[in-house]
Amino acid sequence: MLASVKDFLRRHKRKFIVTGAVFGGLYLLTSYAQKKLREWQEKEAKRFFEMTRKKQHFESTERTCNQTILSLSKIVTESILSVLNTEEIVQKLQENPPNKLELWEQLKIMIFTRICVLVYALSILQVILRVQLNIIGGYLYRDSVHEEDPLIDSNLQAKYLSLCHHFVGQGVEDLVKQIETVVKKVVEPMSLKKKMTLQEVEQIFWSIQTILCTDVSHGDPVKNMVHYLLSHTEINDGKLDTIVKETMDVLESEEVASIAMSSVSRCFSSVIDEVAKLFATKDTTVTKNHLELNVSHVITNGALKLGANPDSFVDVNKVELYFVKLLPVINELVSKNMCKSNTNIPDMLIQQLTLNDKIKLLGANIYEVFSSH
């Protein structure tokens, strides 16, 4: 029997060798495939955890960004309303002084200046903070991955983020001076007795924006954001200088300037929408208690209040209002303590800019770039 087995093996030796080679190859191939599958699964799991960790870090950065923006936006708003304090002039006008016409002219300039400064200042602040906080956020994430070569420490982080405080102070003052000069050119020639349409009010804002865009002496505020961030600032730290130069490159890019300009235009559109509501309330009897325009001079005995009949439709494009009657109610839209609507223009602009998808996407793209250095 042993001989027959040997004979069988000898006769089928080739088949056994081929079969063994096939099964051996399959075993090795299976083992290799399983190894590669495990490596792929481990790599994908690691990538998933890194993505999750990065997402959580970005979301944390985004929350910090929103909180910082809201806090500093309110500070900037209060600073602007304090520098351009119309309440003092309104109070003097209520006393019917002999120089009331002069005061009205001052009020006219100041009302349009503070609205334009709010639009530009809040738009610039939002962009600057989004850029700064996402650059620093990206670097912090990168440092958490490459712990052996950290770039950002708490001291450097504090120095970098403190740069925007210049804008809150001196930057806002520079912006007020520049915009006030332009507003005077546009608004000063307009008579208080002039009947204004919504389109003419809109044209005032667009004229101011156009002049600022082509300002050769001071430069377009949107394209001059670096000035508001870094002017009068000396940088002696090498690492800080590196980050600042990268920030400058971002702020001076065409993409960022385009997004900032788009934000400014959208803010002006929102302001005009609020003004349009004032024109929609024209069908209201104006009493002695309201601001009135005499044939010969301006008289003031209080604040103008315009109401609206909810059942009537008013074509705001055909409504005309005396400029002098329009000024106080526009002023109310800006003055936080006088505004009688649910939201005033400063709060509306802050909310709109904070939720601006283009600015948020810009921040996300910057974070991705600097976290992947």
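At what angle do helix α10 (residues 254-279) and helix α11 (residues 323-334) pack, and how far apart are their axes? The points below take up this pair after some remarks on the model as a whole.

1. This is a predicted model, in which local features need pLDDT of at least 70 and side-chain atom pairs count only at pLDDT 80 or more, while totals for chains, interfaces and linings use all residues. Residues are numbered from 1 along each chain as its sequence is written, and side-chain values use heavy atoms, with hydrogens and water left out.

2. The secondary structure of the protein comes to 13 helices and 4 strands, where helices (H or I, at least four residues) and strands (E, at least two) are DSSP runs numbered from the N terminus. Of the 373 residues, 44% count as buried, a term that means under 20% relative accessible area, with exposed meaning over 50% and partly exposed lying in between (1.4 Å probe, protein chains only). Among contacts with a separation of 6 or more, 82% are accounted for by residues 24 or more positions apart, contact meaning heavy atoms within 4.5 Å.

3. To return to the opening question, α10 and α11 pack at an angle of about 135 degrees, with their axes 11 Å apart; the axes are lines fitted to C-alpha atoms, for helices over the stretch in contact, and angles run from 0 to 180 degrees between N-to-C directions. The two helices are therefore oblique to each other, given that angles under 35 degrees count as roughly parallel, over 145 as roughly antiparallel, 65 to 115 as roughly perpendicular and the rest as oblique. The crossing of α10 and α11 is right-handed, which is the term used if the near helix is turned clockwise from the far one by less than a right angle, anticlockwise being left-handed. In α10, Glu274, Val275, Leu278 and Phe279 meet Leu326, Val329, Ile330 and Leu333 of α11. By class, this contact has 7 nonpolar, no polar and 1 charged residues, with Ala, Val, Leu, Ile, Met, Phe, Trp, Tyr, Cys and Pro counted as nonpolar, Asp, Glu, Lys and Arg as charged, and the others, Gly among them, as polar.

4. Helix α4 (residues 100-145) packs with helix α5 (residues 154-161) at an angle of about 165 degrees, with the axes 11 Å apart, and the two are therefore roughly antiparallel. Their crossing is right-handed, and the residues that meet include Ile135, Ile136 and Leu140 in α4 and Tyr160 and Leu161 in α5. The residues of this contact divide into 6 nonpolar, 2 polar and no charged.

5. With helix α13 (residues 357-371), α4 packs at an angle of about 30 degrees and an axis separation of 7 Å, so that α4 and α13 are roughly parallel to each other. The crossing of this pair is also right-handed. Among the residues that make the contact are Arg130, Tyr139 and Arg142 of α4 and Lys360, Ile366 and Phe370 of α13; the contact as a whole divides into 10 nonpolar, 6 polar and 3 charged residues.

6. The count of disulfides comes to 0, a disulfide being a pair of cysteine sulfur atoms within 2.5 Å. Cys164 counts as buried at 4% relative accessibility, whereas Cys213 is partly exposed, with a relative accessible area of 32%.

7. His218 lies in the loop between α7 (198-213) and α8 (225-230) and, at 51% relative accessibility, counts as exposed. Leaving aside residues up to four places away in sequence, His218 touches Gln178 and Asn224. The C-alpha atoms of His218 and Leu175, which are 43 residues apart along the chain, are separated by 9.8 Å.
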